Amino acid sequence: MKIKIKEALGAARRDYVFMAALILAILSSIITVPKIKYIDFKVIISLFNLMIVVKAFEDLKLLDKSAVFLINKCKSRRNISLVLICMCFFGSMFITNDVALITFVPLSVIIGKKIHTRTMETIILQTLAANIGSSLTPMGNPQNLYIFSFYNISLVQFVKIMLPVGIIGFILLCLFNLRLENSSLCVKLDNIRLAGRKEIAIWTLVFLVIISSVFRIIDYRIAFLITVLAAFFMNRKLFKKVDYLLLITFVCFFIFTGNISSIKSVNDIFVKSLKSSMATYFASIGICQVISNVPCSILLSHFTSRWRALLLGVDVGGIGTMIASLASIISYKLFIKNSKSGSSSIGREYISKFTIYNIITLVVLALTGIAII
């Protein structure tokens, strides 16, 4: 038990976003008394529900089986790369960008070892694909779920704003993929047996209930109860696999932003700084590069009613630096962990190429966002 507590504390200390959120929440609570109403429990519970059901799908090997089936049909390196990119792009819309990368980046590593080639650029494009694709749905990433709930946006409004960015981003990804080698090959990955069709059917129904709660068709508390009961009776180990650190990070940011927004002088400064849609849009993109898009969305939402500019800003702003979207760090760590080359030199090469691809994409999508606004 002591070892597990030490491991948890160690993981918390290594998570710079969590530590920053915790310190900010504590310091701001010294200045003003925090209130329970600052915490958006709907977002916290919805994130918890999604984490549970996605972990269930992972255990059932549903995503892996679909990926292996498609990859075994590919006849060239470029086609395999495109399939892996598309998996991250479309998968991230429903299972979030970080889970898409955790699921599909290891497949790139396995394929690279089988055909004795580096898959660095494919993994970088997978990362871009996950960050762009996840912007197209409210449940694609945490900041979208938060903004969708906070501003009470309709699905039609959401898609209308984000679809152009998604389309342009996907076209850009396809163009990037054309740069990759197109030699012919035949990859055969071992077929994966599904754990249980009955369990898959039940968890699919649970997933539909959760999505219905995100879209406000049913109460999120009912979805929470159904999710908890399903996990309790079918697979209690799922409760241990939830990213509680992320949920606590959200709570800390809610407390911090609630505290500072209650201070009139601070509130006035932010409101004046975000007095136009363009100011909100560019502030969102810029702040994301430094503190990442999730805390940026929570912070700025308390000072502006311009949700379109904020939504576009934090999703476009998730592209750029590796810090801009924490999902980007996941794929980097997965790549470095499985790399045979020296970690320092290969790491620098990865970051260099990652930066070039991201800057080009950021410029193109930022201009797209300006046209939308």
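Me: Which residues in helix 16 are buried?
Reply: W307, A309, L310, L311, L312, G313, V314, D315 and V316 are buried. Buried means under 20% relative accessible area, exposed over 50%, and partly exposed in between, with a 1.4 Å probe and protein chains only. Helices are DSSP runs of H or I with at least four residues, numbered from the N terminus.

Me: What kind of model is this?
Reply: This is a predicted model, where local features need pLDDT of at least 70 and side-chain atom pairs count only at pLDDT 80 or more, while totals for chains, interfaces and linings use all residues. Residues are numbered from 1 along each chain as its sequence is written, and side-chain values use heavy atoms, with hydrogens and water left out.

Me: Which residues touch the most other members of the largest nonpolar core?
Reply: W203, F250 and Y350 do, in a core of 110 residues. Helix 3 (residues 41-59) gives the largest share of this core, 11 residues. A nonpolar core is a set of buried Ala, Val, Leu, Ile, Met, Phe, Trp, Tyr and Cys residues joined through side-chain atoms within 4.5 Å.

Me: What is Y350 in contact with?
Reply: Leaving aside neighbours within four places in sequence, Y350 is in contact with M120, I123, I124, T127, M322, S331, Y332 and F335. Contact means heavy atoms within 4.5 Å.

Me: And N293, buried or exposed?
Reply: N293 is buried, with a relative accessible area of 5%. N293 is in helix 15 (residues 293-301). Not counting residues up to four places away in sequence, N293 touches Q143, C288, V314, G318, A324 and S325.

Me: Salt bridges next. How many are there in the whole structure?
Reply: A search finds 7. A salt bridge is a side-chain nitrogen of Lys or Arg within 4 Å of a carboxyl oxygen of Asp or Glu.

Me: Which residues are linked in a network of them?
Reply: E121, R179, E349 and K353. R179 and E121 meet at 3.3 Å, N to O. R179 lies in the loop between helix 9 and helix 10 and E121 in helix 7 (residues 120-133), so the pair ties together parts that are 58 residues apart in sequence. E121 also forms a salt bridge with K353, with the closest N and O atoms 3.7 Å apart. That pair links distant parts of the chain, since E121 is in helix 7 and K353 in helix 18 (residues 343-372), 232 residues apart.

Me: What about K264 and D268, how many residues apart are they in helix 13?
Reply: They are 4 residues apart, which means a separation of about one helical turn. Their side chains meet in a salt bridge at 3.0 Å, N to O.

Me: Where does R216 sit?
Reply: R216 is in the loop between helix 10 (197-214) and helix 11 (220-234). Its phi is near 65°, a positive value in a residue other than glycine. N152 has a positive phi too, near 55°, and lies in the loop between helix 8 (142-150) and helix 9. Most residues other than glycine have a negative phi.

Methods. Helices (H or I, at least four residues) and strands (E, at least two) are DSSP runs, numbered from the N terminus.
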